[in-house]
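Me: Could you take a close look at the aromatic rings here and walk me through how they pair up and where charges meet them? I am new to this one.

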Amino acid sequence: MSYKDKIIALDIDGTLAKDDAYPSEYTCLKIHELIEKGYEIVLVTGRGYISGTEVYKMCKLSNFCVLYNGGLVINPTTQEVLRSVPYPKELVSDILNNNELMNYISDIMVEDFKTVYSMGNKKWRDNQVSGDLNKLLNGKDVYAINTWLENHEYQKEVERILITFKNHRYRYWNHAGEIYSIEYTKKEGIEAILKYYNKTFDDLIFIGDSDNDIELLKVANISVAMKNANENVKKVAKEITTFTNLEDGAVKYLLYKLNEE
């Protein structure tokens with residue numbers, strides 16, 4: 001059976017990437033070889049444009065990718081955009097001007113497509129622009145809002161405040177957190193790509209590992225959870241890889257499935 005008429009969608013963190021946040025040279029090489037053989041491979045990630053396109057370039061991709069958990073679908077090579085759902089500007093303003101909230105938050109990283117902005121209390125990216133976010137973000141589209149708390153025990157308080165914001169929620173780990181939309185997931189991002197290619201979820205192979213992959217795993221014709229995925233993810237996937245992300249499990253699965261070993 002040939003899979004060259006399918007769309008192969010791959011998550012990055014916990015799937016392609018190892019613990020250093022990047023795929024191995026082996027994984028990048030094999031993905032590029034599959035593309036050269038005619039397979040359509042796309043990235044689908046919660047990462048933003050800057051870090052997402054790092055992996056895109058490493059794998060020598062040239063088509064669309066899903067970024068910001070479905071908030072932006074773009075071809076970084078041609079800059080063609082299929083889907084763009086920035087945060088509501090009033091939401092961004094309400095967050096930045098909530099005094100109670102800001103008492104708990106040490107710094108905020110906001111991504112405006114290709115630029116990272118922060119209050120300047122933490123080094124998020126080499127190219128970040130720091131200062132008064134209200135002024136820096138005036139009129140700009142925002143696709144990601146991440147928080148940093150010097151005291152991670154404040155996370156519950158931040159969650160308590162942010163749960164009151166319409167259509168958005170807060171998830172966190174240790175000192176870091178993310179404000180995210182509950183109106184869309186990676187599923188909507190991939191759907192835009194499938195429509196572009198005149199295809200449906202029946203034409204989709206998807207490999208992921210985290211809770212933000214669940215909605216897409218539910219609808220993909222061939223849904224695959226990484227061996228290192230949590231149990232919630234494994235329950236909805238139809239298949240599980242033999243190897244973890246640290247063992248190049250995603251690309252090894254593809255080579256076997258596509259009969260390209």
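Reply: A charge sits over a ring if NZ of Lys or CZ of Arg is within 6 Å of the ring centre and within 35 degrees of the ring normal. Arg171 lies over the face of Tyr180 in this way, 3.8 Å from the ring centre. The charged end of Lys122 likewise sits over the ring of Trp124, at 5.5 Å from its centre.

A word on the basis: this is a predicted model, where local features need pLDDT of at least 70 and side-chain atom pairs count only at pLDDT 80 or more, while totals for chains, interfaces and linings use all residues. Residues are numbered from 1 along each chain as its sequence is written, and side-chain values use heavy atoms, with hydrogens and water left out.

Now to rings that meet rings. Rings of Phe, Tyr and Trp (its six-membered ring) pair if their centres lie within 6.5 Å; planes under 30 degrees apart count as stacked, over 60 as edge-to-face and the rest as tilted. The whole structure holds seven aromatic pairs. In one of them, the ring centres of Phe64 and Tyr196 are 4.8 Å apart and the planes stand at 65 degrees, so this pair is edge-to-face. Phe64 is buried, with a relative accessible area of 3%, whereas Tyr196 is partly exposed, at 42% (buried means under 20%, exposed over 50%, partly exposed in between, with a 1.4 Å probe and protein chains only).

Tyr68 and Tyr143 form a stacked pair, 5.3 Å centre to centre with 25 degrees between the planes.
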